[in-house]
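Reader: I would like to go through the terms used for this model and the values behind them. Please start with how residues are classed.

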Amino acid sequence: MAEDLQPMNITDYTPTDAAAPTGVVVIERSSTPLEVGPKMNQTAADVVRFLMQQGEMVTATQSLTDDMIELFAAEIGAEIRLVDPGEEQENELLKLLEANFEEDELEEDYPVRPPVITVMGHVDHGKTKLLDQIRSANVAEGEAGGITQHIGAYQVEKDGRLLTFIDTPGHAAFTAMRARGADATDIVILVVAADDGVMPQTLEAINHSRAAEVPIVVAVNKIDRNNADPNRAMQQLAEHELVPEQWGGDTIMVEISALQNLGIDDLLEQLAVVAELEDLRADTEGRARGVVLESNLDIGRGPVATLLVQHGTLKRGDPVVAGASWGRVRALLDDRGNQILEAQPSKPVQVLGLSDVANAGDAFVVAPNEKVAAKVAQTREHSQRVASLGRDAAATAGGARLEDIFSQIQAGQTATLNLIVKADVNGSLEAVVDSLQRLGREDVKLAFVHRGVGGVTANDIQLAAASNATIIGFNVRPDRKARELAELEKVEIRTYEIIYNLIEDVENAMVGMLAPEFEEVVTGDAEVREIFRIPRVGAVAGCYVLNGAINRGSKVRFLRDGTVIWRGTVSSLKRFKEDVREVQSGYECGIGLSDFQDLKQGDIIETFEEREVARV
Ligand code: GDP
C-alpha cells in the first residue's frame, strides 16, 4: 500500500511482473482500482497509473467504467467477466449474518416482550389524538427529558408491563413496512368514531390487519359527542365480522374519548390482555436485528434512524447494517431523549452513527464486525451506484462541493467551485452571479455551469450531478421531483431569500467556516387545487397534501412555478368543516394564509421549520 502514497509519475507505469491470473476473473461493475488491482495480481496503483497513461484521471477508491476495467484487463492479458453487483452475493452475506440468529431454541424459553401496537382507522376519527393522549398521560411531569421526543415510536408502562406504540397513525406506514417484508406490528387498534361509524378507511384498515394476521382491538372513539352512537358503530363492525365480546363475539371493543381521556386506561388494559394471549416472546441474547421505523438526515447529528429491535440486544458500539447504510452505533437514545446503553426487543431507539439515511421498513442487523457490516452495505449500495456510474466518471472533470472547497484549498490545490444558479427574475440572477464572481480568488475559481430563471428542476439536478456542481437558488425552490433526485444523487441545493446570506455562505465556505446555525427543514407541502372565497374570511386554498404534513401555525412559503411569492404562516387549517392541528400527506384540506389572497390553482404551499444546528 505504501507505494500508493508515492507521487505517481505516469511514465512510471509498467505492469507488475506477476503473472496474469489464470481462468476467468469475475469483476463487479463499477469496482474501484483497489478492488480490481488485486484480482488481476496487480496493485491499485498499477491500475491508476495505467489509466492515467490512457488519459483517465482516477483515484484508487473511485468506481471504474466497464471500458476502463476491460482496457486494463487487456493490458494484463487477463480474461474477465463483468457482472452486476449481485443481489445473490448480498443475500448470501445477509444470510451469513442472520445465520447467527437462527432460532434454535424453543420460543417459550425466550423472555416475554412488549407488544408493538399500530393505530389505524378512518381519517379524523381520532388516531393522532389517541396516540398523543396515551403518550402524554404516561410521561410524568418533571421526568428526565420532560417531554417525549417524536422518534416514530414510543413506549408506555401499564401495570408494570410495557406497551410499544408506533407513532405514525394510519395504514400508509403499516403497508409500506409490509411491502418491504417487515411485520413490525403485533396488535392493531382500530379507531372508529362513534358519531361517524365505519367508513372506507376503516374497512381498509380491517383488511390490512387481516392480511397481516394481526389481532384487532377496536376503540370506539368520541363517545363524548352528543351525536355519538357507539351501538351503531358496533353493529356496522359486526357486519364486517368484528363482533364485540359483549355480543358473544371475540373482538375486544372499548368505548373511549381521546379528547377527554375517557376509557383509555381500559383500552391499555385490554391491550395488555391481548398481548398476554399472544404470548409474545423474543430472544434477548445475541446480536440484535429488527426494522428501521424512520430515518432522516439531521444536519447537526448526521443520519439518524429509529430502529425497532425485534431480536437480541442492540448495544452502543455495535456495528450495524441497515439497508444500504452501516456504521458503529455511536449513541442510542430512547423516546424521551435519554442516552441508553442497550435496547432489547420491542424497544424503539434512535441510533446515531450510520453512514447514510436508511429506508423505513429496511431490516437492520448487527454484524460480527465493522468490516462485514461495511461489506454488506457496500454490496447494496453498489447496485444503486451502477445507475449513476456515468456521473462518477464525469466527476473526475473536477469541481468540488461547497462543503469540501476549503479542504481542497488547504491541501494546496487550486479549487474550482462549480455552481448552478437559479433565481426568480433576471435582475436578481445577474446580481447574484455578479456578486459571486467578485468572490473569485487566485486559489478558488468559480465556474458557472448553468444559470437560469425559474425554480430548481430535476434537469438542474441531473446537470449538477454530472458536473459535480452545487445548486444555488435565490428566491426559488426545488420542486418535489428535484428534491427527491437531489437526495438520490447527493446534489447539494442551497436556497436563499437574502442575497447577503448567500454571498456570506459562499465566502465562509471558502475560508472553511461554513457552519450555518439554522437549518431549514421542509415539513410538508401541499398543492392548491381549488380556491374558495369566503365572505369576511377571504381566500381559502383547497389543497391536497403531497408530502409530510401541514400544521396550523407553521411557517410557510408560497410557491408558483418554483418561485417564492409570499412568506408567512398557516393561519387556518381545516378538514371538511373542522379545524385541525395537522393534516398528513394524502389528504385534502383547506388552508388559510392570513392576509395572502393571490391564490392560483397549481400553486404549492411549503411549510418548514428552522432547526438549530450545532456548530461543527
Ligand atoms: P386522525 O385523522 O384520525 O389522526 O384524527 P385526529 O386525532 O387528528 O382527530 C380529528 C379531530 O377529532 C380533531 O379535531 C380532534 O381534536 C377530534 N377528536 C379526536 N378524538 C376526539 C374525541 O374523543 N372527542 C371529540 N369530541 N373529538 C375528538
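Author: Ala, Val, Leu, Ile, Met, Phe, Trp, Tyr, Cys and Pro count as nonpolar, Asp, Glu, Lys and Arg as charged, and the others, Gly among them, as polar. On that basis the shell around the ligand divides into 3 nonpolar, 6 polar and 8 charged residues. This is a predicted model, in which local features need pLDDT of at least 70 and side-chain atom pairs count only at pLDDT 80 or more, while totals for chains, interfaces and linings use all residues. Residues are numbered from 1 along each chain as its sequence is written, and side-chain values use heavy atoms, with hydrogens and water left out.

Reader: Why is the pair of Asp-132 and Arg-581 called a salt bridge?

Author: The term requires a side-chain nitrogen of Lys or Arg within 4 Å of a carboxyl oxygen of Asp or Glu. The side chains of Asp-132 and Arg-581 meet at 3.0 Å, N to O, so the pair qualifies. Asp-132 lies in helix H6 and Arg-581 in the loop between E28 and strand E29 (582-584), so the pair ties together parts 449 residues apart in sequence. Helices (H or I, at least four residues) and strands (E, at least two) are DSSP runs, numbered from the N terminus.

Reader: How do you know that Asp-132 is partly exposed?

Author: Buried means under 20% relative accessible area, exposed over 50%, and partly exposed in between (1.4 Å probe, protein chains only). Asp-132 has 22% relative accessibility, so Asp-132 counts as partly exposed. Arg-581 is also partly exposed, because its relative accessible area is 46%.

Reader: What makes Glu-276 exposed?

Author: Its relative accessible area is 54%, which means that Glu-276 passes the cut-off of over 50%. Glu-276 forms a salt bridge with Arg-161 (2.9 Å, N to O). That pair links helix H10 (residues 264-278) with strand E5 (residues 161-166), 115 residues apart.
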